[in-house]
Amino acid sequence: VIHTLYLVRRRGLHLLSDVSVSLPLVFEETLNRADDTPRTVPVAAFATVEEAECRARDLEREGRRLRNPFWAGHWGMWRNSRSEDDFLSSLTALGIVDLPKAARRSNHLTRNWYVWWEQNADEWPDEVFQAVWDLLDLDRLYDVVPVEIDL
Amino acid sequence: LWEYNDNWEEPGAEGGETVRAFRRREDAEALRDLLEEEARQARGADAGEDSPWRFEMDRWRRGAFDPPKPDPLRYDVVPAGEATFYEVIEIELGPGVGEKRS
């Protein structure tokens, strides 16, 4: 009998080190097929989409404690639909005053978000920590997809 | 799973194609061992040559969220006979999922 289950998946990670800047990089990869399916790791299966989405949300909150969103670079625009200025304003609105200073590097100003996160994130109350991650709205580890399975 | 980097095979991102699902881990491990042996023999055919395939296994020594140390000299490569080609992934089942029906 074919049943529809709801699978919680985690994005497949591929971590490397960039020795030139001494920070880990996260690579996004696919199976290199025509449909370019992103690589994922199955985590849990549920009978209802509500249960699956609830578990995915819990796992997302836990997973945020295990990584630095700026592994992928000093300013991960691809993780964030906001501009850097908007991100800075939003952090200030959350009560975060210790923000990374802009420094000149290769003829343009950059902020070392990676080091800033390493030095500060563990000090924030959980609601602030989660709110900062929520600002990084394009960076999500878990999702839910329906799958058909013969049980 | 493996991607050649002009020097050795390195693992790409986690994830891949699911082969089969089992209720019991021992059953999954048994099939994994069988498939692994076949893959190792197929990929290890040139082990006696000057430049046999080499596989970088560092990813399995770390957790998924543990970034590697930025040390390009610390590569852990093994021959095909010791490489991983299949993994057993254990998933959580929600209430009522996967129970045998009488």
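**A residue in a loop, and its surroundings**

Author: This is a predicted model. Asn68(A) sits in the loop between helix 1 (49-64) and helix 2 (84-93) of chain A.

Reader: Is Asn68(A) buried or exposed?

Author: Asn68(A) is buried, because its relative accessible area is 2%, and the cut-off for buried is under 20%.

Reader: What lies 2.7 Å from a polar atom of its side chain, Asn68(A) being the residue I mean?

Author: That is the backbone nitrogen of Phe70(A). A polar atom of the Asn68(A) side chain also lies 3.1 Å from the backbone oxygen of Tyr114(A).

Reader: Leaving aside neighbours within four places in sequence, which residues is Asn68(A) in contact with?

Author: Asn68(A) is then in contact with Tyr114(A), Trp117(A) and Glu118(A).

Reader: On to helix 3 of chain A. Which of its residues are buried?

Author: In helix 3 (residues 113-120) of chain A, the buried residues are Trp113(A), Tyr114(A), Trp116(A), Trp117(A) and Asn120(A). They line one face of the helix, because they fall within an arc of 165° when seen down the axis of helix 3 of chain A.

Reader: And helix 4 of chain A, how many of its ten residues are buried?

Author: Seven of the ten are buried, so helix 4 (residues 126-135) of chain A is mostly covered. The buried residues of helix 4 of chain A are Val128(A), Phe129(A), Gln130(A), Ala131(A), Val132(A), Trp133(A) and Leu135(A).

Reader: What do the buried residues of helix 4 of chain A pack against?

Author: They pack against helix 1, helix 2 and helix 3 of chain A.

Reader: Stepping back, how many helices and strands are there in chain A?

Author: Chain A has four helices and seven strands. Their order from the N terminus is β-β-β-β-α-α-β-β-α-α-β. Of the 151 residues in chain A, 44% are buried. Among contacts in chain A with a separation of 6 or more, 71% join residues 24 or more positions apart.

Reader: Changing topic to chain B: which residues make the nonpolar surface patch of about 240 Å²?

Author: The patch is made by Ile89(B), Ile91(B) and Leu93(B). Ile91(B) belongs to the loop between strand 4 (77-79) and strand 5 (92-93) of chain B.

Reader: How does Ile91(B) count in terms of relative accessibility?

Author: Ile91(B) counts as partly exposed, because its relative accessibility is 31%.

Methods
Residues are numbered from 1 along each chain as its sequence is written. Chains are lettered from A and ligands numbered from 1 in the order in which they are written. This is a predicted model: local features need pLDDT of at least 70, side-chain atom pairs count only at pLDDT 80 or more; totals for chains, interfaces and linings use all residues. Side-chain values use heavy atoms; hydrogens and water are left out. Helices (H or I, at least four residues) and strands (E, at least two) are DSSP runs, numbered from the N terminus. Buried means under 20% relative accessible area, exposed over 50%, partly exposed in between (1.4 Å probe, protein chains only). A polar contact is a pair of N or O atoms within 3.5 Å; within protein, one must be able to donate a hydrogen and the other to accept it, and residues adjacent in sequence count only if both atoms are side-chain atoms. Contact means heavy atoms within 4.5 Å. The arc is that of the directions from the helix axis to the C-beta atoms. Patches are made of residues with over 30% relative accessible area and no salt bridge: like charges are joined within 9 Å, nonpolar side chains (Val, Leu, Ile, Met, Phe, Trp, Tyr) within 5 Å. Accessible areas come from the Shrake-Rupley method with a 1.4 Å probe; for residues, only the protein chains shown count as cover. A salt bridge is a side-chain nitrogen of Lys or Arg within 4 Å of a carboxyl oxygen of Asp or Glu.
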